[in-house]
Amino acid sequence: MATLAEPQAGSALDDFRAEVRSFLEANFPPSLKGKGNALASVEGPTRETPEMTAWRKAMGERGWGTPTWPKEYGGGGLSKAEARVLADEMARVGAWNPIGGMGVMMFGPTLLEYGSEEQKREHIPGITMGEVRWCQGYSEPNAGSDLANLQTFAADAGDHYVVNGQKTWTSGGQWADKCFCLVRTDKSDKHKGISFLLIDMTAPGVEVKPIKMISGMSPFCETFFTDVKVPKENLVGQEGQGWTIGKRLLQHERTNLSGGGSRLQMSGPSLADLAKKFVGEEDGKIADRDLRARIAKWEMDWRAFQLTAMRVMAESKAAGGVSEVSSILKTIGTKLGQERSELIIEIEGLQGLGWEGEGYSQEELNNVRAWLFGKATTIYGGSTEVQNNIIAKRILGMLDHQ
Amino acid sequence: MAVLSEEQTMLRDMARDWTSNESPVNAWRKVRDADDGAGFDASVYGEMAQMGWSGIVVPEAYGGSDFGWLSLGLVIEELGKTVTASPLAASALAASAIALGGSDEQKQKWLPGIASGEIVATLAVDEGPRHDPDAIKASVSGGKLSGAKAFVAEGDSAGLFVVAAADGLYLVAGDAAGVSRSRRHLTDFRSHAEVSFDSADADKLAGGGDDLLGKVLDRARVLAAAEMLGMAGQAFETTLAYLKQRVQFGQVLATFQALQHRMANLYSDIELMRSAVEAGLAAIDSGGDTRQAAILAKVKANEVGHLMSREMVQLHGGIGMTDEYDAGFYLKRMRVLEAMWGNTAALRDRFATLNGY
Ligand SMILES: Cc1cc2nc3c(=O)[nH]c(=O)nc-3n(C[C@H](O)[C@H](O)[C@H](O)COP(=O)(O)OP(=O)(O)OC[C@H]3O[C@@H](n4cnc5c(N)ncnc54)[C@H](O)[C@@H]3O)c2cc1C
């Protein structure tokens, strides 16, 4: 009966909710509540306790670490509505997704779109189980913003390629099992000469050298390839199609990065509570009026940003394509993330600038690292300047002056 | 650039030669990597003292050169350019408190040692992580001082503290009974100790008028601003040089108008910052009311220094995020100076109050 369709859908979701609840009850140990680490992907493999391993396996086997990916490759096969229920229920009990990293955020979705059947069967399950770590081999010393200038060369040697060259800023390179790479297969055309290749980080001739960052962490590397043999099966799409596939992957990267700010926002106390603690109150208001006004401004900017993200989603769903407004999400989301960090540092005074040792809470020390590391968010994944160029040229139709 | 006397020009040039030859950023990197509590190289401070810098604001009668604040500011600015660590600013501030408020006996006892660089002296004012001179609780009774001071610059090595108590400023020797210190490690890797005073012998600075602390804090604000000016100016120069040589899209970055205008704005901002800092220094030398000039200097330094240190990282791209490169030093030290002696919000509020609105 048609009239029952709605309630049925509702009750199906209710059933699903019950299923999620009992799964969480059986598998999520309350001792892990809130222990998810937002910086895990840049800090490298945090030592996994047996409890954490069990939690990761439970989520991986169910496919719920990648809830909307197809079931046949190890994903959860959930609808968007179901995925939302899962997220809500997890948030309710303080559970976190133990499966992440570049494989989930960028590579998986791209391979699902462009990969061959064999490639999907080979690579996706390792990602959905959180067992195989991927890194991104895009940037080179002379190919940063101008990514298409990359020179790492993959020479055709019959059934395999021989790769030579250098990548840089390879996040997590020292911990990765595999690397999705942009390489040059043809020197005669800047864009059409690029191919998308999967390289095993343990292959002979691959070498990584970690680089220390201003935050004190060493999450990225220089990666060197010397006569590395890569089987032809590891080419994704066609030879010369790498630029198209690589850009698609960057869209996933940017979408995830703009969301990064929202995760930041949800953890820890609000700016207002922090300010009341450090600056004090007068009649229930933050004692420093200038700071109070700037916190209010930040909160309003943040809400406008969230509304925009929701509007973009709704619009693209209705139109069946990406909204042009989505191009600004990365630039604004990362800017607001940085502003929030700067405000925290300011509110806490010198206490907010602790490096290590006595006198600081773990949260204060984390905030300092997050402040410094956060400066990268407007640089990687397409810097703010380059994003603005794209907005000006592609959306606004403003031309190059030459 | 302010119009300098011949002596000041010579002093500035000497400081410039010395920092660029003897104390480039790499020298700071070594101190940072050594990571000891003092946060500076004592032999390097000895060299500075030899050149007479530790006595620049000390009266001649007590072993200094009485060269004045503009002169000291020129030196501090040069040191800021290469983020050279030294207790020069802290010692000068303590010396100025003694020169302004001390008896002849107190001056005789402490100033020559500060001027010669043998004694590192410092101010101990704030009791929490935010600058708030109205909230001082440390107190003295029967010549004994009790209280705790937070984030005291050079507090790890100081041989003399000028301590702000509820009823004025006091001198407490670093080795006095009842003084204990513990290191507070900040991102800038300089010395910021927590110092507690438990019935320590304290000697009041009885002169200098009602607002001795206020006058000293004005000097502290202006000196911090001078260091920030050096840092911002160098951050700008380094960034400009980088943009002129880094090639992307087959062109040097400096050809992109989006970056040209950013740099043009920063250049203009730094000019405003320079005027405000030099006016602050000159106001102290002229002996008049320094309150507004000091606030202006520190607020401009806070605003422009903040922006410039962020832009330095951003405009360098990935390389700006690496520890191997210098940008991080400017970012980390700038935020510490920004928080010291009054952040922008607090000082704006004070400025409005001083102007009756
Ligand atoms: C923390 C971090 C992690 C990273 N992880 C990875 C990774 O895992 N894999 C990977 O391949 N890469 C990674 N990157 C590299 C990143 O993608 C590059 O840093 C980025 O593309 C910028 O390139 P660049 O560093 O060479 O800067 P440059 O291209 O040299 O840019 C320098 C400055 O000039 C600006 N600029 C450049 N061109 C223009 C223009 N036409 N108009 C206006 N302004 C311009 C830039 O925005 C920037 O501010 C990472 C970077 C960081 C900081």
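**Loops, a strand and a ligand site**

Me: Does Phe189(B) count as buried or exposed?
Reply: The relative accessibility of Phe189(B) is 12%. Buried means under 20%, exposed over 50% and partly exposed in between, with a 1.4 Å probe and protein chains only. Therefore Phe189(B) counts as buried.

Me: What pLDDT do side-chain atom pairs need to count?
Reply: Residues are numbered from 1 along each chain as its sequence is written, chains are lettered from A and ligands numbered from 1 in the order written, and side-chain values use heavy atoms, without hydrogens and water. This is a predicted model: totals for chains, interfaces and linings use all residues, local features need pLDDT of at least 70, and side-chain atom pairs count only at pLDDT 80 or more.

Me: Where does Phe189(B) lie, and what is its phi?
Reply: Phe189(B) sits in the loop between β7 (185–186) and β8 (192–201) of chain B. Strands are DSSP runs of E, at least two residues; helices are runs of H or I, at least four; both are numbered from the N terminus. Most residues other than glycine have a negative phi. Phi of Phe189(B) is positive, near 60°.

Me: Does Asp283(A) count as buried or exposed?
Reply: Asp283(A) is not a glycine, yet has a positive phi of about 50°. Asp283(A) lies in the loop between β9 (281–282) and β10 (285–286) of chain A. Its relative accessibility is 79%, so Asp283(A) counts as exposed.

Me: Which residue of β4(B) is the bridge partner of Ala121(B)?
Reply: Ala121(B) and Leu123(B) point one way from β1 (residues 121–124) of chain B, Thr122(B) and Ala124(B) the other way. β1(B) pairs with β4 (residues 160–165) of chain B in the parallel sense over four bridges; at least two DSSP bridges make a pair. In β4(B), the partner of Ala121(B) is Leu160(B).

Me: Why is the ligand site shared, and between which chains?
Reply: Near means a heavy atom within 4 Å. β3 (160–171) and α12 (384–395) of chain A, with α9 (291–316) of chain B, each supply at least two residues of the shell. The site is shared because the ligand is surrounded by residues from chains A and B.

Me: How far is a polar side-chain atom of Ser383(A) from an oxygen atom of the ligand?
Reply: A polar backbone atom of Gln314(B) is 2.7 Å from a ligand oxygen. A backbone N or O atom of Tyr138(A) lies 2.9 Å from a ligand oxygen. For the side chain of Ser383(A), the distance is 2.5 Å.

Key:
A polar contact is a pair of N or O atoms within 3.5 Å; within protein, one must be able to donate a hydrogen and the other to accept it, and residues adjacent in sequence count only if both atoms are side-chain atoms.
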